[in-house]
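Please look through the sequence and the structure below before reading on.

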Amino acid sequence: MKFAVTSKGDQKSNRIKAIMEQYLLDFDLERNIKEPDLVISVGGDGTFLHAVHHYFHRLKQTAFIGVHTGHLGFYADWLPEEVEKLVIEVAKQKFEIVEYPLLSLKIFYENKKEAERFLALNETTIKKVEGSVVLDVTIKGEHFERFRGDGLCVSTPSGSTAYNKALGGAIIHPSLSTMQITEMSSINNRVYRTIGSPLILPSHHVCQFKPVDKEQSFIMTIDHITKSVENVTALECSVAKERIRFARFRSFPFWKRVHDSFISDECY
Ligand code: NAP
């Protein structure tokens, strides 16, 4: 099996990366940064996002696993103390695969025929540097609302514990193939009206956001990436056909991770 280990870059993560690489080489596994079957990310959920984006072109061939060197992560859920146990499991070369949904984002531009497409593991957000974001929201081709406010967030189920949660969105189990739209400070008065609640859409629903004002520039985020876009005619979100594959060597139920991250890391 071919493996790659990525690190957050701090001393602790680099040390654990070096230890894991040596152990795996000792087990006669092949280090292959270009075409790995398994990517082990050492750091936090942020490091994991970087690793996944680096290998997005190999989603079908590559599985991911995360070791955390800070606090417990949602993607990075192995402890540094468990590294030896993890290496032994990896060396057996047999593991279960768990797939989670991803978000597909298409950006349509005034002057371009082809839309630009991105995948997100957590979410995409649409914001502006100055003034309100004004967008016509269409779901499955039907006009739903005209949104005015700070911005919108469209998240995956596994991203529902990240930015989405801070915006008051629901936490969604990643076995559900959905996407969630949450508002950032919408303007609601007698003139402007939005739904005000997070919306959870099934995998066969496509939502579009069309700029209303002449000014068609936005600040978009796609996971950890920030992108300034101009001359946008529409932004389209849907549950991606592609899925991310996690290598599972032991059971760590999602709701236990939610409990340990947000309630307490003591037993239920
Ligand atoms: P960052 O601003 O350095 O860190 C954002 C925090 O979000 C980190 O503590 C990170 O965990 C955590 N995180 C990432 N994915 C998560 C998930 N699926 N569930 C729970 N927590 C998660 O940014 P970054 O490290 O480059 O990560 C980008 C992400 O930050 C975005 O995808 C967005 O979800 C999140 N974000 C959140 C807010 C907010 O909550 N108000 C605002 C902006 C961005 P680690 O410490 O383990 O890396």
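## An exposed loop residue

In this predicted model, R190 belongs to the loop that runs between strand 11 (178-186) and strand 12 (199-202). R190 counts as exposed because its relative accessibility is 88%, and the cut-off for exposed is over 50%. Although R190 and P202 are 12 residues apart along the chain, their C-alpha atoms are separated by 31 Å.

## The nonpolar cores

The largest nonpolar core holds 28 residues, and within this core I107 and F209 have the most contacts. When neighbours within four places in sequence are left aside, I107 is in contact with A115, E116, F118, M220, K227, V229, V232, A234 and L235. Another core, of 19 residues, lies apart from the largest one, and its members include V5, L29, L38 and V90.

## Around the ligand

There are 16 residues around the ligand, and those that come nearest are D45, G46, N122, E123 and T161. A backbone N or O atom of G46 is placed 2.8 Å from an oxygen atom of the ligand, while a polar side-chain atom of E123 lies 2.5 Å from a ligand oxygen atom. In the side chain of N122, an N or O atom is 2.9 Å from a nitrogen atom of the ligand.

The ligand taken alone exposes 830 Å², of which the protein buries 62%. By type, the shell divides into six nonpolar, seven polar and three charged residues.

How values were computed
Residues are numbered from 1 along each chain as its sequence is written. This is a predicted model: local features need pLDDT of at least 70, side-chain atom pairs count only at pLDDT 80 or more; totals for chains, interfaces and linings use all residues. Side-chain values use heavy atoms; hydrogens and water are left out. Helices (H or I, at least four residues) and strands (E, at least two) are DSSP runs, numbered from the N terminus. Buried means under 20% relative accessible area, exposed over 50%, partly exposed in between (1.4 Å probe, protein chains only). A nonpolar core is a set of buried Ala, Val, Leu, Ile, Met, Phe, Trp, Tyr and Cys residues joined through side-chain atoms within 4.5 Å. Contact means heavy atoms within 4.5 Å. A residue is near a molecule or strand if one of its heavy atoms lies within 4 Å of it. A polar contact is a pair of N or O atoms within 3.5 Å; within protein, one must be able to donate a hydrogen and the other to accept it, and residues adjacent in sequence count only if both atoms are side-chain atoms. Accessible areas come from the Shrake-Rupley method with a 1.4 Å probe; for residues, only the protein chains shown count as cover. Ala, Val, Leu, Ile, Met, Phe, Trp, Tyr, Cys and Pro count as nonpolar, Asp, Glu, Lys and Arg as charged, and the others, Gly among them, as polar.
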